[in-house]
Amino acid sequence: MKKVVHAACPHDCPDACGVLITVEDGRATKIKGDPAHPVARGFLCAKVAKYLDRVYSPDRVLYPMRRMGPKGPRNAGEGARSTQEWQRITWDEALDEITSRFKKIIAEFGSEAILPFSFGGTLGMLNSASMDRRFFHRLGASQLARNICSAAGEAGLESVFGIKLGTEPEQFRHSRYIIAWAANIHGNNVHLWPFIAEARRQGAKLVVIDPYRTRTAACADWYLPINPGTDAALALAMMHVIISENLHDADYVERYTLGFEQLRNKVQDYTPERVAKWTGIAASDIVKLAREYATTHPAVIRLNYGVQRSEGGGMATRAVAMLPCITGSWKEVGGGLQMSTSGAFKLNKEALKCSDLMLEPLGRPARTVNMVELGKALNSLDDPPIKSLFVYGCNPAATCPNHNEVIRGLQRTDLFTVVHEQFLTDTADYADMVLPATTFFEHKDLQTAYGHYFLQVSNQAIEALGECRSNVEVFRALAQRMGFEDECFRESVDQMIDAALDSDHPWLQGINRERLEREGHVRLSFEKQFTDDSSQSSGFFLPFAHGNFFTTSGKAELYSETLKVQGLDPVVHFEPPGESRHSEQAKTFPLELLARKSDNFLNSSFSNLPAIQEMEEAGLLEMNATDARTRGIAEGDRVRVFNRRGDILLRAKVDGVLQPGVVCARLSWAKLSPQGRNINVLTSEKLTDLGNSATFYSVLVEVELFQTAS
Ligand SMILES: Nc1nc2c(c(=O)[nH]1)N[C@H]1C(S)=C(S)[C@@H](COP(=O)(O)OP(=O)(O)OC[C@H]3O[C@@H](n4cnc5c(=O)[nH]c(N)nc54)[C@H](O)[C@@H]3O)O[C@H]1N2
Ligand SMILES: Nc1nc2c(c(=O)[nH]1)N[C@H]1C(S)=C(S)[C@@H](COP(=O)(O)OP(=O)(O)OC[C@H]3O[C@@H](n4cnc5c(=O)[nH]c(N)nc54)[C@H](O)[C@@H]3O)O[C@H]1N2
Ligand code: SF4
Ligand SMILES: [Mo]
């Protein structure tokens, strides 16, 4: 028996590819990109192209297990398998133990002593936020502010547009000037590249703004290395040039923006000469960039999240987001800006989460803990203390900042930790109990996207391996054990998909489960006022061509009352990050560290799989030749990278991808390194200016020679 099943990749990636899985006699034998999917277009990224290795990995967790030894990894550095000693138990035993521990904790400390902890493992609507939320809400558990990734950028974008919307990827082929701004397209957003390549064949210019010379930067027409965390200044200087040379679109500005005069005043201070000192980009280049951007049509910006992982990341995003609003490039097919498209999926998310359930146990909303501050929360929160952590779809022992503090917390013997996982991750080593999780091959889900506008149903291709259960099934079973009788805990997957799609919003009109199952992917139904009807290829989504901003004023807010009320700059400004070359701390720790993602892993995911490890050289510290030379470091030497929070040994790579003063290392599982640490020993829990997000790219370090290569 052979069949081909349509599914959607649920990994934390803007592309949300449609995939086709071939199944023979119940076993998946092939995966490929769905050729009919307008963005995936028949190909997959290198890691998911090897997904059979992940699904059928000998390292998959297949049964519930209880920890036998002390918390923490055994033999760190020896590989993915050398972890805890585990005892296999039944699901009944596991569920009984979890619920009895929960009941005891609630009786003694209150329900908020329990903290759910989930993030980017799956972005499937149901498995990321439905039965789990219902369960923890009904339990009265603490709420988790899931701010680790994009909250600053979202706040910045929404402060101008009122919504997370942007240019659809298919339009990039019509652009003539493309700025990849903090956007590692070849690494993190590969399906945008063919559209850019097509535009370039027709003469478009590609400009890359990034402190790291990515593969995308290496093949750009113009690469502008920028000092980390200084993008707000660059955008302000560009606006300085554009406005002072009258290159803005006065008509668009007049009709559709608010606060242009305040912005005009503000940008006076940001001359290219002044900004050159912060950004490291020559004043003449800033002028040239501003002129080219404002006068080439259509011009589009692919702004990505790298820009908002800095202390001033919210304001930086806000500043960049203003650019297409003053040039009016929203009017053109192939113009505008894309950071995220996720705001367009107006699903009935509340029907999935049922937040009201938390009023039953508590009579008020539960307290919120910011996931960025996990280390602090586990070690110092005492009102009530966190006594249980339930982790699913997340590997905080690798991905949270200030790793040493996180580990100190996870080691607490009085902390009851449950980890629902596909693999024995860094976090699983600290679990009292590990529960086996399905992959997307093994469950059904509804899939949105943050890099395009297609909604998909992801079908189950194979039976669950071993005793794996989906997130939905686990929390349904836990609710039953807890004796929660609310109707919502009995809903089936299809009923939940129907509930999510049950929305009056015009963009979801005509889209139901049956249609998604039949067609695989369906584009959102944008009405006429949001679509282009002037060109031959009509129907493109032009969200703000006629204003239609989603702010309270209905305009692009270059001046924001909402920010003012929060005590923030209502216009926009630049302030050098507290951890940057411009700060006092740089005297002790002079190098700016980019604790970046790996091109072939996905955050910490995939870093344990041999087939993927072959594609990615791990354990490197990339640095500039000057910085290496002044420290007596040569290519291949072992170096110690350190700051007040921690230290790590890495191998120096002097490869010309970085400017002096900036070093870079990449994220992976901690226990795979010889010391059992990863780059997050150096990152901090400091929050961004807007959105209370993480500041992975505002980190100062020093580097010293540890051992020469020879
Ligand atoms: N292969 C792969 N794909 C992924 C991921 C992965 O780990 N690996 N992660 C996924 C996730 S969770 C997300 S959120 C997205 C994120 O995707 P991106 O938004 O692309 O995020 P980053 O890789 O954090 O940053 C992008 C670029 O910004 C640069 N950068 C760092 N600091 C600055 C700065 O101050 N200014 C400027 N201009 N640039 C800066 C970095 O060097 C990097 O090349 O990608 C997703 N896709
Ligand atoms: N230094 C540094 N740190 C970073 C970043 C960085 O750029 N630099 N990026 C940050 C960003 S942007 C993000 S989004 C976070 C991501 O942080 P995490 O959310 O921790 O992401 P992953 O490391 O991918 O871990 C996800 C885990 O979920 C598991 N999983 C997958 N699917 C399922 C499922 O259906 N059910 C269950 N129960 N488990 C599942 C996977 O096996 C994997 O171990 O990391 C952040 N950390
Ligand atoms: S990780 Fe991204 S690019 Fe790779 S298959 Fe999934 S959605 Fe597509
Ligand atoms: Mo992310």
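Modeller: Start with ligand 2: one of its oxygen atoms is 2.8 Å from a polar backbone atom of Asn-395. That is a polar contact, a pair of N or O atoms within 3.5 Å; within protein, one must be able to donate a hydrogen and the other to accept it, and residues adjacent in sequence count only if both atoms are side-chain atoms. This is a predicted model, where local features need pLDDT of at least 70, side-chain atom pairs count only at pLDDT 80 or more, and totals for chains, interfaces and linings use all residues. Residues are numbered from 1 along each chain as its sequence is written, chains are lettered from A and ligands numbered from 1 in the order written, and side-chain values use heavy atoms, without hydrogens and water.

Colleague: Which backbone N or O atom lies 3.2 Å from a nitrogen atom of ligand 2?

Modeller: One of Gly-393. Leu-602 also places a backbone N or O atom 3.3 Å from an oxygen atom of ligand 2. The protein buries 98% of the 920 Å² that ligand 2 exposes when taken alone. Those areas come from the Shrake-Rupley method with a 1.4 Å probe; for residues, only the protein chains shown count as cover.

Colleague: How many residues surround ligand 2?

Modeller: 33, and the closest are Glu-421, Asn-471, Ala-595, Ser-604 and Ser-605. A residue is near if one of its heavy atoms lies within 4 Å. The shell has 12 nonpolar, 16 polar and 5 charged residues. Here Ala, Val, Leu, Ile, Met, Phe, Trp, Tyr, Cys and Pro count as nonpolar, Asp, Glu, Lys and Arg as charged, and the others, including Gly, as polar. Domain 2 (65-69 + 87-148 + 352-432 + 456-502) and domain 4 (584-705) each give at least three residues to this shell. The domain bounds come from an automatic or database assignment.

Colleague: Switching to ligand 1. Where does it lie?

Modeller: Between domain 3 (152-339) and domain 4 (584-705), because both give residues to its shell. 32 residues surround ligand 1, the closest being Asp-210, Asn-304, Tyr-305, Phe-601 and Tyr-697. They split into 14 nonpolar, 10 polar and 8 charged.

Colleague: What about its oxygen atoms?

Modeller: An oxygen atom of ligand 1 is 2.7 Å from a polar backbone atom of Gly-229. A side-chain N or O atom of Asn-188 is 2.8 Å from an oxygen atom of ligand 1. Taken alone, ligand 1 exposes 900 Å², and the protein buries 99% of that.

Colleague: Next, the largest nonpolar core. Which residues touch the most other members?

Modeller: Phe-135, Phe-161, Trp-181 and Phe-390, out of 126 residues. Such a core is a set of buried Ala, Val, Leu, Ile, Met, Phe, Trp, Tyr and Cys residues joined through side-chain atoms within 4.5 Å. Buried means under 20% relative accessible area, exposed over 50%, partly exposed in between (1.4 Å probe, protein chains only). Helix 10 (residues 231-244) gives the most to this core, with 11 residues. Helices (H or I, at least four residues) and strands (E, at least two) are DSSP runs, numbered from the N terminus.

Colleague: And helix 5: buried or exposed?

Modeller: Buried. In helix 5 (residues 131-139), 9 of the 9 residues are buried, so the helix is largely enclosed by the rest of the structure. Among them are Asp-132, Arg-133 and Phe-135. Just after helix 5, Gly-140 has a positive phi of about 85°.

Colleague: Last one. Where is Pro-58?

Modeller: In the loop between helix 2 (51-55) and strand 4 (65-67). Pro-58 counts as exposed, at 67% relative accessibility.
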